[in-house]
There are 2 protein chains.
Amino acid sequence: MILEVAIMKIKPDEISKFEAAFPKAEAIISSIPGYISHEMQRCIETKGRYHFLIRWENIDAHMINFRQSPKFQEFRALLGGFFAEPPVAEHFEAVTAHRI
Amino acid sequence: MILEVAIMKIKPDEISKFEAAFPKAEAIISSIPGYISHEMQRCIETKGRYHFLIRWENIDAHMINFRQSPKFQEFRALLGGFFAEPPVAEHFEAVTAHRI
């Protein structure tokens, strides 16, 4: 399992629309083969800053199954207009975890 | 429950020492009242970059119970020398989550 962290900065005037559109984006992401789970986390200190955490079986599930599928275009069409700047996505592997 | 994300950049020559010291740091963090769980995540693309994710009952558990306790000094004494730059910590609240 790997963790994708996508850091998103949303235009101030688009925050409520972004959050309203998010359930559709979740439905797209969670339909991808190799998807495990996700969290959309809203920064308390900085309005419009989000960390979208997605657990995938491996990097290919994200980079091939999702990014090279038509569903990625759907996802970007849904949320792309809300971004103040392009999201930055990175992949992580657990050194150690005590999750609940 | 809130999520703290601390982004850490480790000096290239100190990475193995940082990871070796980490179990002691975990023991400190997990002893704090209001601590729920944690993950130390190693960036796959950028060597020396880590996201330390800690779930707390609330912000005070982090900012008062931990940061204002002697255990914070212990934690920094243990890991502080490995940082290439000061870590950046932010707090997040879940907009939506489907976690496992």
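# Two copies in a predicted model

Reader: Where in chain B is V88(B) placed?
Author: The model shown here is predicted. In chain B, the place of V88(B) is in a strand, and that strand is β4.

Reader: How many Å apart in space are V88(B) and V5(B)?
Author: Along the sequence, 83 residues separate V88(B) from V5(B). In space, C-alpha to C-alpha, V88(B) and V5(B) are apart by 8.1 Å.

Reader: Which residues is A6(B) in contact with, leaving aside its neighbours within four places in sequence?
Author: A6(B) has its place in strand β1 of chain B. One residue to look at is P87(B), which is 81 residues from A6(B) in sequence but 6.2 Å away in space, C-alpha to C-alpha. With neighbours within four places in sequence left aside, the contacts of A6(B) are F52(B), P87(B) and A89(B).

Reader: Is A6(B) buried, exposed or partly exposed?
Author: Buried residues have 20 or more other C-beta atoms within 10 Å, and exposed ones have 12 or fewer. A6(B) has 16 other C-beta atoms within 10 Å, so A6(B) is partly exposed.

Reader: How do helix α1 and helix α3 of chain B run relative to each other?
Author: The axes of α1 (residues 15-29) and α3 (residues 70-79) of chain B come within 9 Å and cross at roughly 175°. Angles over 145 degrees count as roughly antiparallel. Therefore the relation of α1(B) to α3(B) is roughly antiparallel.

Reader: How many nonpolar residues are in the contact of α1(B) with α3(B)?
Author: From α1(B) the contact takes F18(B), A21(B), K24(B), A25(B) and I28(B), and from α3(B) it takes K71(B), E74(B), F75(B), L78(B) and L79(B). By class, there are 3 charged residues and no polar ones, and the number of nonpolar residues is 7.

Reader: Which element gives the largest share of the side of chain B that touches chain A?
Author: The contact takes 28 residues from chain B and 28 residues from chain A. On the side of chain B, the elements giving two or more residues are β1 (2-10), α1, β2 (35-43) and β4 (83-98). By class, that side has 12 nonpolar, 8 polar and 8 charged residues. The largest share, 9 residues, comes from β4(B).

Reader: What kind of axis relates the two copies?
Author: Chain B can be laid on chain A by a turn of 180° and a shift of 0.0 Å along the axis, with an RMSD of 0.0 Å. The copies are therefore related as by a two-fold rotation axis.

Reader: What percentage of the interface residues of chain B are also interface residues in chain A?
Author: The copies meet through the same surface.

Reader: What pattern does chain A follow along the sequence?
Author: Chain A has 3 helices and 4 strands. Read along the sequence, the elements of chain A follow the pattern β-α-β-β-α-α-β.

Reader: What is the radius of gyration of chain A?
Author: The C-alpha atoms of chain A fill a box of roughly 35 × 35 × 20 Å along the principal axes. For 100 residues the globule rule gives 13 Å, and the value for chain A is close to that, so chain A is as compact as a globular protein of that length. The radius of gyration of chain A is 13 Å.

Terms used
Residues are numbered from 1 along each chain as its sequence is written. Chains are lettered from A and ligands numbered from 1 in the order in which they are written. This is a predicted model: local features need pLDDT of at least 70, side-chain atom pairs count only at pLDDT 80 or more; totals for chains, interfaces and linings use all residues. Axes are lines fitted to C-alpha atoms, for helices over the stretch in contact, and angles run from 0 to 180 degrees between N-to-C directions. Angles under 35 degrees count as roughly parallel, over 145 as roughly antiparallel, 65 to 115 as roughly perpendicular and the rest as oblique. Two residues are in contact if their C-beta atoms, placed from the backbone, lie within 7 Å. Ala, Val, Leu, Ile, Met, Phe, Trp, Tyr, Cys and Pro count as nonpolar, Asp, Glu, Lys and Arg as charged, and the others, Gly among them, as polar. Copies are superposed by least squares on the C-alpha atoms of residues with pLDDT of at least 70 in both. The radius of gyration is taken over C-alpha atoms; the globule rule is 2.2 Å times the number of residues to the power 0.38.
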